[in-house]
Amino acid sequence: MKAVVCTKYGGPDVLKLAEVEKPVPKGNEILVKVHATTVASGDLRVRGFVSPVLFWLPMRIVLGISKPRNAVLGVELAGEVVDVGNRVKRFKKGDRIFALTGMKFGGYAEYATIPEHATVARMPSNATYGEAAAIPFGGTSALYFLRKGGIRSGQRVLIYGASGSVGTSAVQLAKHFGAEVTAACSAANADFVKSLGADDVVDYAKEPITAGGKRYDLVLDAVGKLVKSETTNALAPGGNYTTVDGQGIAKVSQADLQFLKDLYEAGKLRAVIDRRYPLAQIPEAHRYVETGRKKGNVVIDVADDA
């Protein structure tokens with residue numbers, strides 16, 4: 001099968017299209033024909049090996065010394081089940097699924113195996129494969145950190161970095177939970193984030209997040225770039241600050257994917273796709289994501305019908 005492999009740590013050019021062995025599902029695994037995947041922040045961090053100096057050696061031991069141990073990156077995907085192990089009960093051939101593979105990766109290939117009890121579920125019935133692939137990482141991350149921050153109806157919530165993969169999901173989910181949402185992003189994306197439901201927008205390039213004297217019950221840094229000291233005067237008494245950077249890996253579950261599936265089918269959640277690339281152009285997709293200018297998600301069309 002065709003796959004894009006990470007030959008060593010480095011820039012986008014270390015990603016190479018290659019022929020690799022097609023995986024065979026174990027007893028508890030499903031074999032998925034991948035139709036679409038994405039370029040997520042986790043893929044960039046592993047490919048370029050972005051790690052604090054303190055954790056350099058432990059992370060190399062975990063990921064691989066000279067190159068990723070799991071050379072086929074891709075932390076989320078959508079596709080069709082084409083085979084199942086003899087102990088699988090939740091899925092059958094022909095099921096259309098979407099999944100968050102996380103550190104197991106595997107999305108940058110024509111086929112991938114996934115344990116049936118991993119973060120995998122049947123994809124929304126009204127979604128294309130490309131749309132479904134754009135939901136798991138941003139959606140589950142936003143859901144986890146909003147819940148960690150104690151999201152409740154009636155709160156004032158600030159989403160910092162509201163136009164990215166996590167941010168676009170966080171804006172929509174915060175509105176679903178009944179919050180008044182202020183989106184912090186560039187002026188160029190103001191109308192875009194308002195179309196997702198944001199009540200107000202702060203141009204973080206020109207004004208502080210406290211512009212207008214607003215105080216927030218919850219501040220979510222969806223890109224990991226907000227200096228914590230900046231939140232001191234932004235939080236209302238008893239308010240919470242949470243960030244995707246340095247607060248651990250989001251703990252997600254099949255129930256979270258099912259929750260996002262139900263919202264999507266009800267028309268209460270959009271999959272935001274900025275650009276799409278074929279599998280062979282993954283290096284170009286990585287270069288674009290590294291510019292920091294993407295809105296929502298960059299999708300990789302692994303199959304022609306993604």
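**Close-up views of a predicted model**

Ser169 lies in helix H5, where helices (H or I, at least four residues) and strands (E, at least two) are DSSP runs, numbered from the N terminus. The structure shown is a predicted model, in which local features need pLDDT of at least 70 and side-chain atom pairs count only at pLDDT 80 or more, while totals for chains, interfaces and linings use all residues. Residues are numbered from 1 along each chain as its sequence is written, and side-chain values use heavy atoms, with hydrogens and water left out.

**View 1. Ser169 and its contacts.** Ser169 has 8% relative accessibility and therefore counts as buried, a word that means under 20% relative accessible area, with exposed meaning over 50% and partly exposed in between (1.4 Å probe, protein chains only). When its neighbours within four places in sequence are left aside, Ser169 is in contact with Gly138, Gly139 and Ala142, contact being heavy atoms within 4.5 Å.

**View 2. Helix H4, residues 136-148.** Gly138, Gly139 and Ala142 are among the buried residues of H4, as are Pro136, Phe137 and Thr140. Because 11 of the 13 residues of H4 are buried, this helix is largely enclosed by the rest of the structure. The end C-alpha atoms of H4 are 18 Å apart, which agrees with the 18 Å that its 13 residues should span at 1.5 Å a residue; the expected span is 1.5 Å times one less than the number of residues. Just after H4 comes Gly150, which takes a positive phi of about 80 degrees.

**View 3. Strand E8 and its partner E9.** Four of the five residues of E8 (residues 156-160) are buried, so this strand is largely enclosed by the rest of the structure. E8 pairs with strand E9 (residues 180-185) in the parallel sense over five bridges, where two strands pair if DSSP finds at least two bridges between them. Within this pairing, Leu158 stands opposite Thr182 in E9. Together with helix H5 (residues 165-176), E8 and E9 make a right-handed β-α-β unit, and right-handed here means that, with the strands pointing away from the viewer, the path from the first strand over the helix to the second runs clockwise.

**View 4. Strand E11 beside E8 and E12.** E8 is also joined by four bridges to strand E11 (residues 216-221), and the two run parallel. Val157 has Leu218 as its bridge partner in E11, and Ile159 stands opposite Leu220. Five bridges join E11 to strand E12 (residues 235-243), again in parallel, with Leu218 standing opposite Asn240 in E12. E11 is mostly covered, since five of its six residues are buried.

**View 5. The largest cavity.** The structure holds one cavity of 30 Å³ or more, and about 50 Å³ of space lies in the largest cavity. On a 1 Å grid over the protein atoms alone, a cavity is a set of points where a 1.4 Å probe fits but cannot get out, and lining residues have an atom within 4 Å of a point; grid points are joined across faces, edges and corners, and a volume is the space filled by probe spheres set on the points. The lining includes Gly139, Thr168, Ser169, Gln172 and Asn297, and H5 gives the most to it, with three residues.

Key. On a 1 Å grid over the protein atoms alone, a cavity is a set of points where a 1.4 Å probe fits but cannot get out, and a pocket is an open set with protein on both sides within 12 Å along at least five of seven lines; lining residues have an atom within 4 Å of a point.
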